[in-house]
Amino acid sequence: MPTENQAPAAEVPQTEEEWRKKLTPEQYHVVREKGTERAFTGKYWNHKEDGVYRCVGCGEPLFDSAAKFDSGCGWPSFYQPVDDGKEVKEEVDDSLFMRRTEVLCRKCNAHLGHVFDDGPNPTGLRYCINSASIDFEKRGAKSGDSGPADPKKP
C-alpha cells in the first residue's frame, strides 16, 4: 500500500502494443530494446531537484535524488538504488564487445542502464541510468499533485 507521499505503481504493460502506447518512441527504444540515449541529452542528466526517480514502465521508485551525483558521464548517476537495491536487478551484458552489468527494473524488466564500480563512497558504485527510463517525482508531492507527466501528452 502506498504511503501518503508515494504514488501507487502503475499497471505493467503486458504486450508490446501496450508498451508502445504507454511510452514515447525514445522511451520504448531504451526500455524495451535496451537502447541508450546520447550523453548530455536526457532531461535528468543535470537535474538537481529533491525527490524520487521512478521507472517509466511501472512507476516503481528506483533512485533517490540524495544518492545522485555528477559523474561527468552525461547520464544521471546514482551511487545506490532505493530500498537497498530491492527494486532493481542486475544482469551480465556482453554486448558491444565488452562485459558490463546491466541494470533493470525488478518489477517490469525495463532496461535502465548499467552499473560500474568507479563511483563515490559510500558504495563505490555508479549507476549510469538513461533519463528516458525514469520519471521524477518531487519530494512531498502527493499522488496526482505533480508527479511524473505523461510523456505523450503536450
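The legends below go with close-up views of one predicted model.

**A note before the views.** Because this is a predicted model, local features need pLDDT of at least 70 and side-chain atom pairs count only at pLDDT 80 or more, while totals for chains, interfaces and linings use all residues. Residues are numbered from 1 along each chain as its sequence is written, and side-chain values use heavy atoms, with hydrogens and water left out.

**View 1. The whole chain, to get our bearings.** The chain holds two helices and nine strands, where helices (H or I, at least four residues) and strands (E, at least two) are DSSP runs numbered from the N terminus. Along the sequence they follow the pattern α-α-β-β-β-β-β-β-β-β-β. Of the 154 residues, 45% count as buried; here buried means under 20% relative accessible area, exposed means over 50%, and partly exposed lies in between (1.4 Å probe, protein chains only). Among contacts with a separation of 6 or more, 54% come from residues 24 or more positions apart, a contact being heavy atoms within 4.5 Å. The chain exposes about 8,700 Å², and carbon and sulfur atoms supply 49% of that area. Accessible areas come from the Shrake-Rupley method with a 1.4 Å probe, and for residues only the protein chains shown count as cover.

View 2. Six strands make up an open sheet with antiparallel pairing, and their order is S3-S4-S8-S7-S6-S5. Two strands pair if DSSP finds at least two bridges between them. Strand S3 (68-69) and strand S5 (88-93) stand at the edges with a single partner strand each, so one side of each has no neighbour in the sheet.

**View 3. Strand S6 and its two partners.** Leucine 104 has histidine 111 of S7 as its bridge partner. S5 also runs antiparallel to S6, and six bridges join the two. Here glutamate 91 stands opposite glutamate 102 in S6. Five of the six residues of S6 are buried, so this strand is largely enclosed by the rest of the structure.

**View 4. Two hairpins and their positive phi angles.** The hairpin of S5 and S6 has six residues between the strands, and leucine 96 takes a positive phi near 60° there. The hairpin of S6 and S7 has five residues between the strands; in this hairpin asparagine 109 takes a positive phi near 70°.

**View 5. Arginine 139 and its two aspartates.** The salt-bridge count for this model comes to 11, with a salt bridge taken as a side-chain nitrogen of Lys or Arg within 4 Å of a carboxyl oxygen of Asp or Glu. One of them joins the side chains of aspartate 50 and arginine 139, at 3.0 Å from N to O. This pair links distant parts of the chain, 89 residues apart: aspartate 50 lies in the loop between helix H2 (25-33) and strand S1 (51-55), and arginine 139 in the segment after strand S9 (134-138). Aspartate 50 is partly exposed at 42% relative accessible area, and arginine 139 is partly exposed at 41%. Arginine 139 also meets aspartate 64 in a salt bridge, at 2.8 Å from N to O. That pair is 75 residues apart, with aspartate 64 in strand S2. Through shared partners, salt bridges join Asp50, Asp64 and Arg139 into one network.

**View 6. Glutamate 60 with lysine 107.** Here is another salt bridge, with the closest N and O atoms of glutamate 60 and lysine 107 being 3.6 Å apart. Glutamate 60 sits in the loop between S1 and strand S2 (61-64), and lysine 107 in the loop between S6 and S7, so the pair links distant parts of the chain, 47 residues apart. Glutamate 60 is buried, with a relative accessible area of 14%, whereas lysine 107 is partly exposed, with 40%.

View 7. A search of the whole structure finds zero disulfides, a disulfide being a pair of cysteine sulfur atoms within 2.5 Å. For cysteine 73, the nearest cysteine sulfur is that of cysteine 128, 3.7 Å away. Cysteine 128 is likewise in no disulfide. Cysteine 73 counts as buried at 18% relative accessibility, and cysteine 128 counts as buried at 11%.
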